[in-house]
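Work through the exercises below with the sequence and the 3D structure in view. Try each task before reading its solution.

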Amino acid sequence: MKIALASDKGGFDLKEYIKSYLKGKDYDVIDLTEGPAADFVDSSVAVSRAVLDGKADRGIMFDEFGAGSAMASNKIHGMVTANVAEENTSHMTTQHNGAKAIAIGAGIVGPKKAESLVDEYLGVNYAGGRHQIRLDMLEKLS
């Protein structure tokens, strides 16, 4: 599975940590910000475009709080990105909402919690079925 990663300066250290963590688990990591992006909008758009263009299967974006990256990403037609800070949301947003990316706030969670969030996100697939109705409704909004 190809995973696109990007961050601004507030999330850069955590992004680097998770990049190593994912490589250790044999994921194909695409680092879109070898140095921190100027702004979380830039980093979240980079991840969103990589996923939507098929260059990555899923994306993970990092900033100080996660909310900004998620909001910016969700402005892009076709994206579903969730700001996650606990494991159940990380799991369920993928299984029930078809999240194409998650946003993690480095000022909210530390490295070990981020590992758990990433594991939950990447360890489940979108269930489809009755949940597709919601995604269709979201698509009509953007």
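**Exercises on a predicted model**

The protein chain has an accessible surface of about 6900 Å², and 53% of this belongs to carbon and sulfur atoms (Shrake-Rupley method, 1.4 Å probe). The model is predicted, so local features need pLDDT of at least 70 and side-chain atom pairs count only at pLDDT 80 or more, while totals for chains, interfaces and linings use all residues. Residues are numbered from 1 along each chain as its sequence is written, and side-chain values use heavy atoms, without hydrogens and water.

**Exercise 1.** State how many helices and strands the protein chain has, and in which pattern they follow.

Solution.
- Step 1: Count the elements, which are DSSP runs (helices: H or I, at least four residues; strands: E, at least two), numbered from the N terminus. There are six helices and five strands.
- Step 2: Read along the sequence. The pattern is β-α-β-α-β-α-β-α-β-α-α.
- Step 3: Compare the radius of gyration with the globule rule. The radius is 14 Å, close to the 14 Å that the rule gives for 142 residues, so the protein chain is as compact as a globular protein of that length. The radius is taken over C-alpha atoms, and the rule is 2.2 Å times the number of residues to the power 0.38.

**Exercise 2.** Describe the largest nonpolar core and the contacts of Ile60.

Solution.
- Step 1: Apply the definition: a nonpolar core is a set of buried Ala, Val, Leu, Ile, Met, Phe, Trp, Tyr and Cys residues joined through side-chain atoms within 4.5 Å. Buried means under 20% relative accessible area, exposed over 50%, and partly exposed in between (1.4 Å probe, protein chains only).
- Step 2: The largest core has 34 residues, and Ile18, Leu22, Ile60 and Ile104 have the most contacts inside it.
- Step 3: Elements giving two or more residues to this core include β1 (2-7), β3 (58-63) and α5 (111-122). The largest share, five residues, comes from α5.
- Step 4: Beyond its neighbours within four places in sequence, Ile60 is in contact (heavy atoms within 4.5 Å) with residues including Leu5, Leu22, Ile104 and Tyr121.

**Exercise 3.** Is Ala70 buried or exposed, and which residues does Ala70 touch?

Solution.
- Step 1: Ala70 is in helix α3 (residues 67-74).
- Step 2: Its relative accessibility is 6%, so Ala70 counts as buried.
- Step 3: Leaving out residues up to four places away in sequence, Ala70 touches Met61, Thr81, Ala82, Asn83 and Ala103.
- Step 4: Ala70 and Asn83 are 13 residues apart in sequence, and their C-alpha atoms are 5.6 Å apart in space.
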